[in-house]
Amino acid sequence: MSCPLCERIKQTNLGKYPYLIHEFEHSYLMLGEHQFYPGYSVAVLKDHHKEMTDIPAPVQEKFFRELMQSSKAIELAFKPDKMNMCSLGNVVAHVHWHFFPRFKEDAQFFDPPWLRMQEFEKAKITPEAAQQTIEKIRTALK
Ligand SMILES: [Zn+2]
């Protein structure tokens, strides 16, 4: 069984994943590989679980705090009108949460970010271009 997020974690642990923002006890905060929505980030649980309810309760609580810290840091760094957080996992069934900072100027502010999914690829970033944004979020995490 190969899981793309377990693979990404393996690369992260080897220091080979360039979009790592922060390592928490139970999760990694990573900058999204596209920035169609500037500041888009993903929290990935270290252990492979399909559902939030599969995570042992003490870890659920700590992971929740990590999600809150991550969301707050992105809020502080980008000052969006609204943070969108979502966990779906239909494509990759390894618990992860998406953070989308949203702005009222965004023409589709009232729509879920996934409606623009086809355009995400056009906003792919490079590790070099990501560094400034990663630093911005790291600073806000402190
Ligand atoms: Zn996995």
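Which helix holds both E135 and R138, and how many residues apart are they? Both lie in helix α4, residues 127-141. They sit three residues apart, about one turn of the helix. Helices here are DSSP runs of H or I with at least four residues, strands are E runs of at least two, and numbering starts from the N terminus.

A word on the model. This is a predicted model, where local features need pLDDT of at least 70, side-chain atom pairs count only at pLDDT 80 or more, and totals for chains, interfaces and linings use all residues. Residues are numbered from 1 along each chain as its sequence is written, and side-chain values use heavy atoms, with hydrogens and water left out.

Back to that pair. E135 and R138 form a salt bridge, with the closest N and O atoms 2.8 Å apart. The term means a side-chain nitrogen of Lys or Arg within 4 Å of a carboxyl oxygen of Asp or Glu. By this rule there are eight salt bridges. How open is the pair? E135 has a relative accessible area of 37%, so this residue is partly exposed. R138, at 27%, is partly exposed too. The cut-offs: buried is under 20% relative accessible area, exposed is over 50%, and partly exposed is in between, using a 1.4 Å probe and protein chains only.

Next, E25 and K62. Their side chains meet in a salt bridge at 3.6 Å, N to O. This one links distant parts of the chain. E25 is in the loop between β1 (20-23) and β2 (27-31), while K62 is in helix α2, 37 residues apart. E25 is exposed, because its relative accessibility is 52%. K62 is partly exposed at 43%.

Now D106 and R102. This salt bridge spans 3.0 Å, N to O. Is the pair buried or exposed? D106 is buried, at 16%. R102 is buried as well, at 0%.

H48 is partly exposed, because its relative accessibility is 33%. H94 is buried, at 1%.

Last, the helices. The axes of α2 and α4 come within 8 Å and cross at roughly 115°. Axes are lines fitted to C-alpha atoms, for helices over the stretch in contact, with angles from 0 to 180 degrees between N-to-C directions. The two helices, α2 and α4, are therefore roughly perpendicular. That label covers 65 to 115 degrees.

One more residue. F109 is in the loop between β5 and α3 (117-120). F109 is buried, at 18%. From I55, F109 is 54 residues away in sequence and 33 Å away in space, C-alpha to C-alpha.

Technical notes:
Angles under 35 degrees count as roughly parallel, over 145 as roughly antiparallel, 65 to 115 as roughly perpendicular and the rest as oblique.
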